[in-house]
Amino acid sequence: MKAEDVKEHWESGAPTTKCETIKRLEVNAIYNAIMDIEGKVGSVLEVGCGNGENLRNLQAFIPRSFFEGYGNTRFCGMDMVEREPEFDGEFRVGNVLGISEVFDEKFDVIFTCRCLISLANHAEQMKAVGEMAECLNDGGTLIILENFTMYHTRQNHLRTLLGLKKREAPEYNVFMDDGKLIKHAKSIGLSYKSAYHFASLHDIVLYVLLPAMGIEPAYEHELVKAVTKLSLGVEETCPFGTEGQNVLLAFTKGER
Ligand SMILES: C[S@@+](CC[C@H](N)C(=O)[O-])C[C@H]1O[C@@H](n2cnc3c(N)ncnc32)[C@H](O)[C@@H]1O
């Protein structure tokens with residue numbers, strides 16, 4: 001899909017996820033990754049922030065940090081400004097591929113949540129990582145929460161074991177390669193810290209087991225709600241394996 005088509009897709013107000021439970025797990029994973037940072041986190045930037053939902057939730061739990069959102073559509077953060085006028089943060093419109101030219105200040109934390117998969121190819125994804133790294137303070141943390149091909153493939157393998165068809169990635173997404181991302185990050189001075197496989201059991205239930213029982217889509221199923229509650233309750237970073245297609249990877253710029 002061409003870059004303009006992807007932008008139009010988000011401009012049209014397309015929902016950023018069909019799955020409310022995965023959104024809760026994503027915000028929780030980003031929160032945990034920020035809490036795992038040693039030292040003060042003064043400023044947090046989300047790149048590809050959509051309507052600002054992640055930032056609103058994070059600010060409720062991390063009130064002493066300053067939050068900023070950045071995204072390439074005119075809707076960037078708009079819902080938030082209208083719905084939550086007391087939200088203490090800012091939003092700017094722009095492309096991640098030029099972000100290092102945009103901000104004068106640097107951030108303690110920069111995160112993405114299913115933004116880089118909207119880029120056209122692997123080369124653009126790696127350029128975006130480099131651009132964001134330039135906007136980090138030394139010792140700052142880059143959090144990349146995206147969909148990765150390897151885990152999507154594993155999930156599809158589980159589906160085929162139960163006689164189900166493979167699920168295709170949406171046409172406006174390019175799923176990432178975690179091995180190549182970690183290698184590239186290292187080459188530009190980012191140290192790989194950890195992976196959070198926060199949605200493994202959730203995705204097995206939602207995309208494998210319930211479909212095998214003929215229930216698909218199953219976003220509202222009680223079992224999906226129960227597995228979300230369970231996943232939110234456990235403290236380990238990879239409690240139930242690595243079969244979830246959304247994974248959070250954390251990197252540090254130099255040593256913090
Ligand atoms: C799947 S949505 C995710 C939104 C939000 N992060 C969330 O978790 O709900 C992807 C977001 O990335 C933004 N985006 C896509 N390509 C971008 C680019 N090149 N530069 C900046 N933002 C981009 C889109 O506008 C959209 O809001």
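Predicted model: local features only at pLDDT ≥ 70, side-chain atom pairs only at ≥ 80, totals over all residues.
Colleague: Where does helix α2 run, and what span from its first C-alpha to its last is expected?

Modeller: Helix α2 covers residues 20-35, which makes 16 residues, and its reach of 23 Å from first C-alpha to last is close to the 22 Å expected at 1.5 Å a residue.

Colleague: Which residues of α2 are buried?

Modeller: The general idea is that in soluble globular proteins nonpolar side chains tend to be buried together. In this structure the buried residues of α2 are T21, I22, L25, E26, V27, A29, I30, A33 and I34.

Colleague: Which residues of the largest nonpolar core touch the most other members?

Modeller: That core has 53 residues, and those touching the most other members are I30, I110, I143 and L248. Its largest share, seven residues, comes from α2. Apart from this core lies another one of nine residues, including L201, Y207, V224 and F240.

Colleague: What does I30 touch, leaving aside residues up to four places away in sequence?

Modeller: With those set aside, I30 touches N54, L58, F111, C113, I143, L145 and L248.

Colleague: How should I read the packing of α2 against α3?

Modeller: One looks at the angle and the distance between the axes, and here α2 and helix α3, residues 53-61, pack at about 50 degrees with their axes 10 Å apart. Angles from 65 to 115 degrees count as roughly perpendicular and those under 35 as roughly parallel, so α2 and α3 are oblique to each other. The crossing in which α2 passes α3 is right-handed.

Colleague: Which residues meet there?

Modeller: From α2, V27, I30 and Y31 meet N54, N57, L58 and F61 of α3.

Note on methods. Residues numbered from 1 in each chain as written. Helix = DSSP H or I, 4+ residues; strand = E, 2+ residues; numbered from the N terminus. Expected span 1.5 Å × (residues − 1). Buried ≥ 20, exposed ≤ 12 C-beta atoms within 10 Å, placed from the backbone. Core = buried A, V, L, I, M, F, W, Y, C linked by C-beta atoms within 7 Å. Contact = placed C-beta atoms within 7 Å. Axes fitted to C-alpha atoms, helices over the stretch in contact; angles between N-to-C directions. Parallel < 35°, antiparallel > 145°, perpendicular 65-115°, else oblique. Left-handed = near helix turned anticlockwise from the far one by under 90°.
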